[in-house]
Amino acid sequence: MASSDYARIEQAILYLDAHAREQPSLDDVAAHVGLSTFHFQRLFSRWAGISPKRFIQVHTLSSARRLLDERRSVLETSLEVGLSGSGRLHELFVTLTSMTPGEYKLGGEGLTVRHGVHLSPFGACLLAVCERGICGLHFLSGESEAEALASLRKQWPRATFEASAEDTAPWMERIFQAGHGGSESSPLSVLVRGTPFQVQVWQALLRVPSGEVTTYEDLARAIGKPKAMRAVGSAVGENPVGLLIPCHRVLRKTGVLGEYRWGASRKRAMLAWEDLRYDGAPLSGM
């Protein structure tokens with residue numbers, strides 16, 4: 001899906017949310033995003049897997065609160081529940097490895113980080129991989145490729161960086177197979193460099209299944225630090241691997257989406273995309 005296509009999808013979702021009570025027609029939404037009704041319906045159906053009309057019916061202005069009320073993930077028991085729910089646990093297809101204290105101090109010395117820009121159902125993103133797995137995924141929203149790369153270099157200050165979209169392309173394909181309707185059997189390896197507290201929060205995020213949401217309070221309780229909500233929020237915001245470590249599934253307890261490192265509109269699109277596939281239907285977002 002082209003980046004400009006995703007931009008139209010994002011505009012459409014925001015428009016539908018803003019006018020949900022009015023139940024806008026397909027013609028209205030298509031005109032808003034600058035497409036003919038025919039082309040918009042085809043574009044939207046390819047991205048969402050359902051028609052815009054059906055989307056309007058299921059995704060209302062209160063969808064975030066509905067998700068919170070109906071599908072709030074209870075992290076304390078998620079490991080015990082396993083696959084009893086219809087959402088698939090992230091940790092079944094993502095293996096998170098953190099650097100040891102010694103490796104942390106080295107700042108990635110000895111690692112070769114290969115990076116490339118690719119299109120995804122949520123727009124262009126910069127993907128970074130090393131011999132130990134995926135080590136960065138930044139969506140290019142409000143920042144250039146150079147700025148995203150600068151963030152990665154800050155995360156891995158002593159690593160060697162090489163531009164190689166050819167090396168990252170197979171990983172990009174696996175991301176949208178594993179746990180997203182594909183047949184990927186081996187888990188994706190994700191390598192992070194963070195403080196013990198940050199890693200603990202990121203590991204807790206992996207227990208939030210697709211189609212479910214959680215709150216900062218839930219995360220704080222899940223890691224045994226119920227009063228550390230502000231620190232948890234900071235750790236969520238510092239997540240270096242978008243989508244795979246699903247920080248987009250964290251809402252405020254009021255149901256408000258809150259901030260997102262790669263844009264609140266993208267967070268809304270991700271939640272809508274996963275919400276529509278909560279029943280386990282195959283995806284076709286690429």
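Biologist: Which residues touch the most other members of the largest nonpolar core?

Modeller: First, this is a predicted model: local features need pLDDT of at least 70, side-chain atom pairs count only at pLDDT 80 or more, and totals for chains, interfaces and linings use all residues. Residues are numbered from 1 along each chain as its sequence is written, and side-chain values use heavy atoms, without hydrogens or water. A nonpolar core is a set of buried (under 20% relative accessible area, 1.4 Å probe, protein chains only) Ala, Val, Leu, Ile, Met, Phe, Trp, Tyr and Cys residues joined through side-chain atoms within 4.5 Å. Of its 57 residues, those touching the most other members are Phe122 and Ile175.

Biologist: Which helix gives the most to this core?

Modeller: Helices are DSSP runs of H or I, at least four residues, numbered from the N terminus. With 6 residues, the top contributor is helix H1 (residues 3-18).

Biologist: Nice! Is H10 roughly parallel or roughly perpendicular to H12?

Modeller: The axes, lines fitted to C-alpha atoms over the stretch in contact, come within 9 Å and cross at roughly 75°. Since 65 to 115 degrees is the perpendicular range, H10 is to H12 roughly perpendicular.

Biologist: And Glu217, which side chain of opposite charge is nearest to it?

Modeller: Glu217 sits in helix H11 (residues 216-222). Glu217 is buried yet has no salt bridge, which needs a Lys or Arg side-chain nitrogen within 4 Å of an Asp or Glu carboxyl oxygen. Lys and Arg count as positive, Asp and Glu as negative, with His and chain ends not counted. At 4.2 Å, the nearest opposite charge is Lys253.

Conventions:
Helix = DSSP H or I, 4+ residues; strand = E, 2+ residues; numbered from the N terminus. Buried < 20%, exposed > 50% of the residue type's maximum accessible area, 1.4 Å probe, protein only. Axes fitted to C-alpha atoms, helices over the stretch in contact; angles between N-to-C directions. Parallel < 35°, antiparallel > 145°, perpendicular 65-115°, else oblique.
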